[in-house]
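The sequence and structure come first.

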Amino acid sequence: LALLWYHTVVRPFFALDGSDNKAGLKEAKEILAKKESAYPNSSLFMFFKGRIQRLECQINSALTSFHTALELATDQREIQHVCLYEIGWCSMIEMNFKDAFESFERLKNESRWSQCYYAYLTAVCQGATGDVSGAQNVFKEVQKLFKRKNNQIEQFSVKKADRFRKQMPTKELCVLASIEVLYLWKALPNCSLSNLQHMSQACQDVDDSSAAGLRNLLLGAIHKCLGNSEDAVQFFQRAAKDELCRQNNLYVQPYACYELGCLLLDNPETVPRGKTLLLQAKEEFTGYDFENRLHVRIHAALASLREVVPQ
């Protein structure tokens, strides 16, 4: 089970294999094939089957597996919650914000792990359905549910919710916020080409100068997933130069530098520039959201570079 968790959750999340989001799937499938027949009604193995399907971009199949695992876990509350979490994420990946809202709202009400974080996801998805008034009410709950002061996820949730607690959110900004969490949690590579195109259009529909840096970062990430490297480079460059994001999205610049650096590593002629950008992202920025997360990814990118070009 620990190996399945490592191959289907840890490796893709921390980008331990660079941009290869499907690394580890072969090993995970081999483990699952040996155990699935022995434990046909295991909610945990059904959950990991869904994780594999999600990483293979088979989102509808993943949803079926997670719903089956949810039904099998009748007396296993913790497993029910991880299944609900994945159902919420798969629904967001499909831009089915109604189903995502229902899953995250249930987690907000039932789970003890991080009601603050689940409240933020609930509000984002509720706003993305168009119910911005209801979403604002939930955004106001986020601060009240903030209990783990040193937890990066809760700090991020409170910071992001604060804006919409004070002013009415728009559907467009809530959709942008949903794409933002998909990006930060490395879920964009799990999206279909059609959904990525819908997300690209949704980002372009946002007309808010304070969100320009974030919008460019997300457009860069989407175009990277679509295979449009030249467009991705341009968007990442714009995000890296956006000074306004230092006020409300401090993480945008270092993440843009990292993304740009990784893209440049793919071309032998631009490897030195790519390495410089990775080191810049690591050394020139501090105090931003998910700094440790990015440092792990930068370390993995530099380590893979050393394997190709021994120092």
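## Nonpolar core

A nonpolar core is a set of buried Ala, Val, Leu, Ile, Met, Phe, Trp, Tyr and Cys residues joined through side-chain atoms within 4.5 Å. Buried means under 20% relative accessible area, exposed over 50%, and partly exposed in between, with a 1.4 Å probe and protein chains only. The model is predicted: local features need pLDDT of at least 70, side-chain atom pairs count only at pLDDT 80 or more, and totals for chains, interfaces and linings use all residues. Residues are numbered from 1 along each chain as its sequence is written, and side-chain values use heavy atoms, with hydrogens and water left out.

The largest nonpolar core holds 100 residues, and W89 and L188 have the most contacts inside it. Beyond four places in sequence, W89 is in contact (heavy atoms within 4.5 Å) with R54, F104, Y117, L121, V181, L182, W185 and A187. In soluble globular proteins, nonpolar side chains tend to be buried together.

## Chain totals

The protein chain has 17 helices and 0 strands; these are DSSP runs (H or I of at least four residues for helices, E of at least two for strands), numbered from the N terminus. Of its 311 residues, 54% are buried. Among contacts in the chain with a separation of 6 or more, 61% join residues 24 or more positions apart.

## Helices α7 and α10

The axes of α7 (residues 115-128) and α10 come within 7 Å and cross at roughly 135 degrees. Axes are lines fitted to C-alpha atoms, for helices over the stretch in contact, and angles run from 0 to 180 degrees between N-to-C directions. Helix α7 is therefore oblique to α10, given that angles under 35 degrees count as roughly parallel, over 145 as roughly antiparallel, 65 to 115 as roughly perpendicular and the rest as oblique.

On the α7 side, the contact is made by Y120, L121, V124, G127 and A128; on the α10 side, by K171, C174, V175, A177, S178, E180 and V181. These residues divide into 8 nonpolar, 2 polar and 2 charged (Ala, Val, Leu, Ile, Met, Phe, Trp, Tyr, Cys and Pro are nonpolar, Asp, Glu, Lys and Arg charged, the others, Gly among them, polar).

C174 lies in α10 (residues 171-184) and counts as buried because its relative accessibility is 0%. Beyond four places in sequence, C174 contacts V124, G127, A128, F139 and P169.

Q136, in helix α8 (residues 132-144), counts as buried at 11% relative accessibility.
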